[in-house]
Amino acid sequence: MTQTPSTPDTATAPPHALGQADRDRFLADGVVAPIDVMSEAEAGAILAEVERIESRSGGRLSGLVRAKPHLLLPFLWDVLHDPRIVDRVESLLGPDILCIGASMIDKPAGSDAYVAWHQDATFWGLSSTEGATAWLALTPATPESGCMDVVPGTQGQQLEHFDTRDELNMLGARESVRAEVDLSRALPLALRPGQMSLHHPLVLHGSGPNRADHRRLGFVIRYVAASVRQDGGSATLVRGRNLSGMALEQAPEGEMQPDALRRHGEIIRQGAGVIRRQKAAHLEATGQDTGEHGAPDGDQDKAEGM
């Protein structure tokens, strides 16, 4: 199911709302990029905060912490609610918005890891795919560093996926679309630090290895209309009302606080269960082996997604 963005009243539209041309582009292509959100200096300040946390944990955030890190780190909670991002999302989803997941996605310099072509929502278990994922670059995302590639206009239907069983595939469930991808239509979404892209949960995308001499780091936020429900999941209320009935997540009391860590761990376990169940159901429905190959050990956002 694809959404049809409602036309905002220009007198009441939020300050950073998308223009009509970008709204039409999202509807037709399933993606809009690049979008200027903040200066490179401001993105650099967020990166510095991430690196400060990393310096205390072996030089890189653990897979657990990279999933829904806004529930552990107040500065990322603030980014997730930043009106320069959320106003654009409201242009597409309306005034009631949830976040079903967020990820700090890291592709180290020289990494052979890649992201197979896929549709994000395949194993999410959503009642509707009325959503928009924001990919905010904290370092340069270029073809050399393995930026996201997208095939515009492919968000119209759910396609069959299979388990690649490839450990280099960064997706948490190691999935890939089975259909042959027309690479001649693929577009690289190059972003400078402080820019973002917005993409539909069903648009086909992937990314190659990082051949640059710097890491490719992005903060990725998965917004949905507040009427969308993920069976067995929880969400952060971003703006407006929670129309889904899902359990709402709590802001962290401070940086990596014990109570927040406890809640976060339980949320990650619940999310992992959602993905395992949805993956098994998808494989069974398409006549595939439903063994626990590549089952995620984090939440739905351990899957890189781009």
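Two strands are said to pair if DSSP finds at least two bridges between them. Helices (H or I, at least four residues) and strands (E, at least two) are themselves DSSP runs, numbered from the N terminus. With these terms in place, let us turn to the sheets of this chain.

The model is predicted, so local features need pLDDT of at least 70 and side-chain atom pairs count only at pLDDT 80 or more, while totals for chains, interfaces and linings use all residues. Residues are numbered from 1 along each chain as its sequence is written, and side-chain values use heavy atoms, with hydrogens and water left out.

I begin with the chain as a whole. Its secondary structure comes to six helices and 13 strands. The radius of gyration is taken over C-alpha atoms, and the globule rule is 2.2 Å times the number of residues to the power 0.38. For 306 residues a compact globule would have a value near 19 Å, and the chain, at 18 Å, agrees with this. Along the principal axes, the C-alpha trace spans about 50 × 45 × 40 Å.

A residue is called buried under 20% relative accessible area, exposed over 50%, and partly exposed in between (1.4 Å probe, protein chains only). By that rule, 56% of the 306 residues count as buried. A contact means heavy atoms within 4.5 Å. Among contacts between residues at least 6 apart in sequence, 84% join residues at least 24 apart.

Now to the sheets. In general, strands of a sheet pair through backbone hydrogen bonds, either parallel or antiparallel. Seven strands here form an open sheet with mixed pairing, in the order β1-β9-β4-β11-β2-β12-β13. Strands β1 (31-36) and β13 (247-248) stand at its edges with a single partner each, so one side of each has no neighbour in the sheet. Helix α1 (residues 20-29) packs on this sheet, where α1 touches β1, β4 (131-137) and β9 (195-199). The direction of α1 makes about 145° with that of β1; for such angles, axes are lines fitted to C-alpha atoms, for helices over the stretch in contact, and angles run from 0 to 180 degrees between N-to-C directions.

Which residue of β13 does S234 stand opposite? The residue is A247. Strand β12 (residues 234-239) and β13 run parallel and are joined by two bridges.

Seven bridges pair β4 with strand β11 (residues 216-225) in the antiparallel sense, and W135 stands opposite V220 in β11. Four bridges join β4 to β9, also antiparallel, with M196 in β9 as the bridge partner of L136. In a regular strand the side chains alternate between the two faces of the sheet. In β4 both faces are covered: G131, T133, W135 and A137 are buried on one side, and A132, A134 and L136 on the other.

A further open sheet has four strands, in the order β3-β10-β5-β8, with antiparallel pairing. Its edges are β3 (115-118) and β8 (187-188); each has a single partner strand, so one side of each is left without a neighbour in the sheet. Strands β5 (residues 148-151) and β10 (residues 204-207) pair over four bridges, and S207 in β10 is the bridge partner of M148.

What lies inside? A nonpolar core is a set of buried Ala, Val, Leu, Ile, Met, Phe, Trp, Tyr and Cys residues joined through side-chain atoms within 4.5 Å. The largest core has 55 residues, of which I85, M104, L136, M196, L198 and Y223 touch the most other members. A second, separate core of seven residues includes I105, W135, A141 and L191.

I85 belongs to helix α5, among the buried residues of that helix. Helix α5 (residues 83-93) is mostly covered, with nine of its eleven residues buried. Just after α5, G94 takes a positive phi of about 95°.

Finally, two single residues may be set side by side. Not counting residues up to four places away in sequence, L47 touches L138, T139, R215 and L217. G156 sits in the loop between β5 and β6 (161-163) and is exposed, with a relative accessible area of 54%.
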